[in-house]
Amino acid sequence: MSTPAWSEWRPLAGWTPSAATLAETLDGGQSFRWNHAGGIWTGTWAGGLAQLRLENGRLHWRAPRALQVAVAASLPRYLGLDRDWAALADSMPWRSDAHLAQAIAAFPDLRLLRQPFGETLLGFLCSATKQIVQIKQMCALLAERHGAPLLETGGARTPLRADPAAKGLAALPSRRLPTWPELALIPEKDLRQCLLGFRAKYINRTAQYIAARPGWLEETEHLPYADAKARLLELPGVGEKVADCILLFGAGRLEAFPVDTWILKSLERRYGLAGWKPAQVAHFGRTHFGPLAGLAQQYLFAWERRHGGR
DNA sequence: AGGCAGGTGGCCA
DNA sequence: TGGCCACCTGCC
């Protein structure tokens, strides 16, 4: 077992989350590629690998030396440091909405990640009727078995390889998530081996769909919200909820308002929407919370998760 | 030990 | 358009 040579810890300006807000942002269901151990968060996206930690209330980061330059360039955008979140949060209708105000107060400076589009699609294709822990396992297995190495391999410096029999969460990630061209070459039965169950078929067919349409994924990412969503809905395994998650967490579209069981419960309880169907709740959310409905959703989601069952 | 889990697609009236 | 149900299987 070898550990990458890490760069020095460096302060990360522009975001000073509480421990709870940091955890909720990295491991609250937006991304499935972050893990926490000993006060350090380790995460990976595209070809990047980084660690984050809070020290005296300040956020610090480091990366394997071989990836330091690339991570320094991509981390700010990934964490949304290029947006004014204080102004965005202030623009939400919290002044007239005590529930929203309470959720914002509980997770001050919560962020929406700006993840790679294709990886977000993959992660949420895995998410149907699964809990976060299990989705993380699926992603870890997909990466370790089918993804390209994050670091140079060879000789004694071969990166830590997850034990195929292990859970796949404890070890440091050594490989990135497979890309869609790579996924198109993986037989469905091999995908099923990654704990995907019936989701393997969705991923396989989506990969075939994308492979048959060069440029389709890249174009979709940059289309206006409504057009991008309509295109995502063409993919097998992508419905209303998953499409909105992809656009919210993987394309920065803050108007996307995914309605899942948590939001259903939250709005039912807090806004008296008992008996409302998902499509009705989605309409309520978009009209009530406005163009930042997705951000409001994330605060309410975090709040509901913390207080689930009450 | 068995039911449940960040949904979606297909089929029926 | 609306309601039901199968789909996989590891975890709490």
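How many bridges join strand 2 to strand 3? Four bridges join these two strands, which run antiparallel. The structure is a predicted model, in which local features need pLDDT of at least 70 and side-chain atom pairs count only at pLDDT 80 or more, whereas totals for chains, interfaces and linings use all residues. Residues are numbered from 1 along each chain as its sequence is written, and chains are lettered from A and ligands numbered from 1 in the order in which they are written.

The predictor's confidence in each residue is expressed as pLDDT, from 0 to 100. For chain A the mean pLDDT is 93, and 93% of the residues reach 70 or more. Over residues 155-168, pLDDT stays under 50. For this stretch the model has 27 contacts beyond four places in sequence, two residues being in contact if their C-beta atoms, placed from the backbone, lie within 7 Å.

Helices (H or I, at least four residues) and strands (E, at least two) are DSSP runs, numbered from the N terminus. Two strands are taken to pair if DSSP finds at least two bridges between them. On this basis, five strands form an open sheet in the order 1-5-4-3-2, with antiparallel pairing. Strand 1 (10-11) and strand 2 (34-37) stand at the edges, each with a single partner strand, so one side of each is left without a neighbour in the sheet. Helix 2 (residues 68-78) packs on the sheet and touches strand 3, strand 4 and strand 5 (58-62). The direction of helix 2 makes about 65° with that of strand 4, where axes are lines fitted to C-alpha atoms, for helices over the stretch in contact, and angles run from 0 to 180 degrees between N-to-C directions.

The pairings within the sheet can be followed strand by strand. Strand 1 is joined to strand 5 by two bridges, and the two run antiparallel; proline 11 has histidine 60 of strand 5 as its bridge partner. Strand 4 and strand 5, also antiparallel, are joined by five bridges, and leucine 54 is paired with leucine 59 in strand 5. These two strands form a hairpin with two residues between them. In the turn, asparagine 56 has a positive phi of about 55°, a positive value in a residue other than glycine. Asparagine 56 is exposed, with 5 other C-beta atoms within 10 Å. Here a residue is buried if 20 or more other C-beta atoms lie within 10 Å of its own, exposed if 12 or fewer, and partly exposed in between, with C-beta atoms placed from the backbone.

Five bridges join strand 3 (residues 40-45) to strand 4 (residues 48-55) in an antiparallel arrangement. Opposite tryptophan 41 stands leucine 52 of strand 4, and opposite threonine 42 stands glutamine 51 of strand 4. The hairpin formed by strand 3 and strand 4 has two residues between the strands, and alanine 46 in the turn has a positive phi of about 45°. Strand 2 and strand 3 likewise form a hairpin with two residues between them, with glycine 38 in the turn at a positive phi of about 55°. In this pairing, tryptophan 34 faces glycine 43 of strand 3, and alanine 37 faces isoleucine 40 of strand 3.

The domain assignment of chain A, automatic or from a database, gives domain 1 (84-109 + 257-310) and domain 2 (117-250). The C-alpha centres of domain 1 and domain 2 lie 27 Å apart. Five residues of domain 1 are in contact with four residues of domain 2.

In helix 13 (residues 261-271), Ile263, Ser266 and Leu267 are buried. They cover an arc of only 90° around the axis, which puts them on the same side of helix 13; the arc is that of the directions from the helix axis to the C-beta atoms. The cover over the buried residues of helix 13 includes helix 14 (278-289) and helix 15 (293-306). Just after helix 13, glycine 272 takes a positive phi of about 65°.

Two further helical residues were examined. Histidine 99 is found in helix 4 (residues 98-106) and is partly exposed, with 17 other C-beta atoms within 10 Å. The C-alpha atoms of histidine 99 and lysine 201 are separated by 40 Å, the two residues being 102 residues apart along the chain. Leucine 195, in helix 8 (residues 188-196), has a phi near 65°, a positive value in a residue other than glycine. Leucine 195 is partly exposed, with 19 other C-beta atoms within 10 Å.
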